[in-house]
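Reader: I am new to this structure. Please show me how to read its features one at a time.

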Amino acid sequence: MDKGTATADYIMEDPREAMRLELKVDPHAWVQKYLAHRIRAGAQVLSVGCGPGVIIRELCTLDPSIQATGLDISDERVQEAKGRNLENAQANFVRGDAQAMDFASNRFDLVYSRMLMEYLKDKESAVKEMVRVCKRGGAVLLQDLDGQLLWHYPEDPVVQGTAERVVRALSSTGFDPFVGRKLFSLAHRAGLENIDVEVEAYHLIAGEIEPAILKQWELKLEIAGPQLARLLGSASEAREQSRRFLEYLCRPDTLTYSTVFTVTGEKV
């Protein structure tokens, strides 16, 4: 998962976050599905909000002539990415803001972000920046969630009410649980053409949650604990609401889900 917003606003800034992000993605499968057919030999690739750098490490195995740059606002993520790519001479990682990147225009053949836009305050500027640094004839890929934390059935009024309350409060940081559906419009307004849109299920838990997925949710809520305590009024209330949500996921009769949008366009 790949973040690139101001560290002060990123609700998941924690030393354990790189590990959690790595557990959530299969880098080989993701690169093969979304990037491999878009990358040619000698390509210059930019990952905006590169996180711990595991996707960049994988995409560099496609061809030894590929050069990849990872950008992230978090110094911790950048250092983690560098550590995971010590033997990868094709990769470079820098700290920077996705909304105002310090790269020359028309530099990269492929620019992509994954699970980044949901956290940014100025999403439109970020997409315009991604298009600016992309070469003419190159591609920009945006991937993000829609419905995160909010879609469940049958609804538990307390769980649903708490989720909606937290999301409303986080909106001041730029967090948008419905950014996925907005990516097409953002890409269009930024000037991309030949835009392709894919929609898939992402979080899909039907019945009792699998133990490995439950551990990921437990870690996510633990990392978000300080922010939840601030938003809900106390640490004890944050713990109680987290417990209730996890119990909901463990029920045999509930379904929770979100979708993921992947929007890819060409700079002409």
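Predicted model: local features only at pLDDT ≥ 70, side-chain atom pairs only at ≥ 80, totals over all residues.

Reader: How many helices and strands are in the chain?

Author: The chain has 10 helices and 8 strands.

Reader: What does the radius of gyration say about the chain?

Author: The general idea is to set the value against what a compact globule would have. For 268 residues that is near 18 Å, and the chain has 18 Å, so the two agree. Along the principal axes, the C-alpha atoms fill a box of roughly 50 × 40 × 30 Å.

Reader: How much of the chain is buried?

Author: A residue counts as buried when its relative accessible area is under 20%. By that cut-off, 54% of the 268 residues are buried. The chain exposes about 11,700 Å², of which carbon and sulfur atoms supply 52%.

Reader: What share of the contacts join residues at least 24 apart in sequence?

Author: Counting contacts between residues at least 6 apart, the share is 79%.

Reader: Which strands are joined to strand E8 by bridges?

Author: E8 spans residues 255-266. Strand E5 (residues 134-146) runs antiparallel to E8, with 8 bridges between them; here Asp144 has Phe261 as its bridge partner. Strand E7 (residues 193-206) is also antiparallel to E8 and is joined to it by 10 bridges, and Asp196 is partnered with Thr264. Strand E6 (residues 152-153) is antiparallel to E8 too, through 2 bridges, with His152 opposite Thr256.

Reader: Is E8 mostly covered or mostly exposed?

Author: Mostly covered: 9 of the 12 residues of E8 are buried.

Reader: Which residues of helix H9 are buried?

Author: An α-helix has 3.6 residues a turn, so residues three or four places apart point the same way. In H9 (residues 225-232), the buried residues are Gln227, Leu228, Ala229, Leu231 and Leu232. They pack against helices H6 (157-170), H8 (211-223) and H10 (235-249). After H9 comes Gly233, with a positive phi near 105°.

Reader: Where does Asn85 lie, and what does Asn85 touch?

Author: For a single residue, take its place first and its surroundings next. Asn85 sits in the loop between helix H4 (75-84) and strand E3 (91-95). Leaving aside residues up to four places away in sequence, Asn85 touches Gly53, Ile56, Arg57, Ala91 and Phe93.

Reader: Why does Asn85 count as buried?

Author: Because its relative accessible area is 6%, and the cut-off for buried is under 20%.

Methods:
Residues numbered from 1 in each chain as written. Heavy atoms only, no water. Helix = DSSP H or I, 4+ residues; strand = E, 2+ residues; numbered from the N terminus. Buried < 20%, exposed > 50% of the residue type's maximum accessible area, 1.4 Å probe, protein only. Contact = heavy atoms within 4.5 Å. Rg over C-alpha atoms; globule rule 2.2 N^0.38 Å. Areas by Shrake-Rupley, 256 points an atom, 1.4 Å probe, with all protein chains shown as cover. Pairing = 2+ DSSP bridges.
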